[in-house]
Amino acid sequence: MEFSVGSLVAGEAVPFKHKHKQNEEVYVFLSGKGIFSLDGEEFPVASGSVVRVAPSVVRTHRNTGDVPLVFLCFQAKAGSLEQATLDDGQLL
């Protein structure tokens, strides 16, 4: 899994649309507000929003607020989780 922290200042947008060959992403928004686009469909995001994106979905987002739009992005190969956490954990 890859993990990153991102921030867009007021009015800023990710300057490109993209998709992935293998990796899905989960975005967790920590502050601010914005618009997220998935395959051209736009919807609002704000502090507390969580967005999962399948690999083949074209995505981008932009800040529509007056403060930074701060987010975490988790990326992993789609379908790579082979078992539930309870099945994988071992009590010691």
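R62 counts as partly exposed because its relative accessibility is 32%; buried means under 20% relative accessible area, exposed over 50%, and partly exposed in between, with a 1.4 Å probe and protein chains only. The side chains of R62 and E42 meet in a salt bridge, 3.0 Å from N to O. This is a predicted model, in which local features need pLDDT of at least 70, side-chain atom pairs count only at pLDDT 80 or more, and totals for chains, interfaces and linings use all residues. Residues are numbered from 1 along each chain as its sequence is written, and side-chain values use heavy atoms, with hydrogens and water left out.

**Salt bridges**

- The count comes to three salt bridges, each defined as a side-chain nitrogen of Lys or Arg within 4 Å of a carboxyl oxygen of Asp or Glu.
- In the pair of E42 and R62, the side chains meet at 3.0 Å, N to O; E42 lies in strand β4 and R62 in strand β6, so parts 20 residues apart in sequence are tied together.
- E42 counts as partly exposed because its relative accessibility is 48%.
- E24 forms a salt bridge with R52, with 2.7 Å between the closest N and O atoms.
- That pair links distant parts of the chain, 28 residues apart: E24 is in strand β2 (residues 23-31) and R52 in strand β5 (residues 50-53).
- R59 forms a salt bridge with E25, and the closest N and O atoms are 2.7 Å apart.
- R59 lies in strand β6 and E25 in strand β2, so this pair ties together parts 34 residues apart in sequence.
- Both R59 and E25 are buried.

**Open sheet**

- Three strands form an open sheet in the order β4-β3-β6, with antiparallel pairing; strands (E, at least two residues) are DSSP runs numbered from the N terminus, and two strands pair if DSSP finds at least two bridges between them.
- β4 (41-46) and β6 (59-63) stand at the edges with a single partner strand each, so one side of each has no neighbour in the sheet.
- Neighbouring strands of this sheet are turned by 25° against each other on average, direction ignored; the axes are lines fitted to C-alpha atoms, and angles run from 0 to 180 degrees between N-to-C directions.
- Strand β3 (residues 33-38) is joined to β6 by five bridges, and the two run antiparallel.
- F36 stands opposite H61 in β6.

**Start of the chain**

- M1 is placed in the segment before β1 (2-8) and counts as exposed because its relative accessibility is 80%.
- The C-alpha atoms of M1 and Q75 are separated by 5.6 Å, although the residues are 74 apart along the chain.
- Leaving aside neighbours within four places in sequence, M1 is in contact (heavy atoms within 4.5 Å) with F74, Q75 and A76.

Terms used: Helices (H or I, at least four residues) and strands (E, at least two) are DSSP runs, numbered from the N terminus.
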